[in-house]
Amino acid sequence: MSTLFYTHPSSLEHDTGPGHPERIDRIRAVEDALAEPEFAALMRRAAPRGSVWDIKRVHDDDYIQSVFAAVPDAGYARLDADTVVSPGSGDAALYAVGGVCAAVDAVVAGEAKNAFCALRPPGHHAERDRAMGFCLFNNIAIAAFHALQLDGIERVAVVDFDVHHGNGTQQAFWDHENLFYASIHQSPCFPGTGSERERGKFGNIVNAPLPPGSTGDDMRDAFGFIRPALRTFAPDLVLVSAGFDAHTDDPLANLDFFEGDFTWITNELLALAETYAGGRLVSVLEGGYDLGALARSSAAHVRALMSA
């Protein structure tokens, strides 16, 4: 059974302006890497358009309306100092939400064992009522709530290995005992959340912060800290916030991971999914801002998914 790969041309219309690290070329780099012959077996699908009703699973009505109202007819607008919208951003955000939810539907239905979604804008920093860190809506959190409505899915775990803590996902999951969030991230670093003391109402949050300069060996130790809680939670579905900005070449942080480290953690998550979730895993692109490192790392990640 092959791996599904979701993209959409709208991701190339979310223009963040000259010099912005979360840029259109990120998607081109991933798509070019996955166009190589070794990835010919990928089941490629265009993401469907999501709906405001999907987004309401996580975000407040007033906030949703404010995001779409901020999308300009021309040029750029800022939702905060880092988060930019342009005329194509509203559609891109809807297709990003729709693609991740569609990937969950397909994997739960048994159309593939796992899936990778390369869509923009990313999502894991978006909080209930504010944009943050290049993110408009929290794609993966929305998909997790969506999954709980599907037959056979009672517990959903998100594992986040982006170099930046997913504050928005943590907030969305904080008081939901059927949702679990685990993060390996650099600290101190943006956004400043993600200490080990942040545990959630039901002990359903596990953070493993790493100091600058940490290596792949340190990441393996951090995952060893997270693994027992994941096993206890025993998810019916595993979702992955796959940020590749912990790579040593990435300009926005200071961890020293390499492609092989992303292969290792992908294989660990696949093994967990196989044990508890019938192999069901959906991965969602978050960060990664050096184009070469992003291309190589996403290829390593998808190569592992395809080998499951």
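## Largest pocket

The lining of the largest pocket divides by class into six nonpolar, five polar and four charged residues (nonpolar: Ala, Val, Leu, Ile, Met, Phe, Trp, Tyr, Cys and Pro; charged: Asp, Glu, Lys and Arg; polar: the others, Gly among them). These 15 lining residues include G133, F134, H164, F190 and Y289, which lie nearest the pocket centre. A pocket here is an open set of points on a 1 Å grid over the protein atoms alone, where a 1.4 Å probe fits, with protein on both sides within 12 Å along at least five of seven lines; lining residues have an atom within 4 Å of a point.

## Basis

This is a predicted model, in which local features need pLDDT of at least 70 and side-chain atom pairs pLDDT 80 or more, while totals for chains, interfaces and linings use all residues. Residues are numbered from 1 along each chain as its sequence is written, and side-chain values use heavy atoms, without hydrogens and water.

## S214

S214 is buried, at 3% relative accessible area (buried means under 20%, with a 1.4 Å probe and protein chains only). A polar atom of the S214 side chain lies 2.6 Å from the backbone oxygen of P211. Beyond neighbours within four places in sequence, S214 is in contact (heavy atoms within 4.5 Å) with N254, L255, D256 and F257.

Definitions and conventions:
Buried means under 20% relative accessible area, exposed over 50%, partly exposed in between (1.4 Å probe, protein chains only). A polar contact is a pair of N or O atoms within 3.5 Å; within protein, one must be able to donate a hydrogen and the other to accept it, and residues adjacent in sequence count only if both atoms are side-chain atoms.
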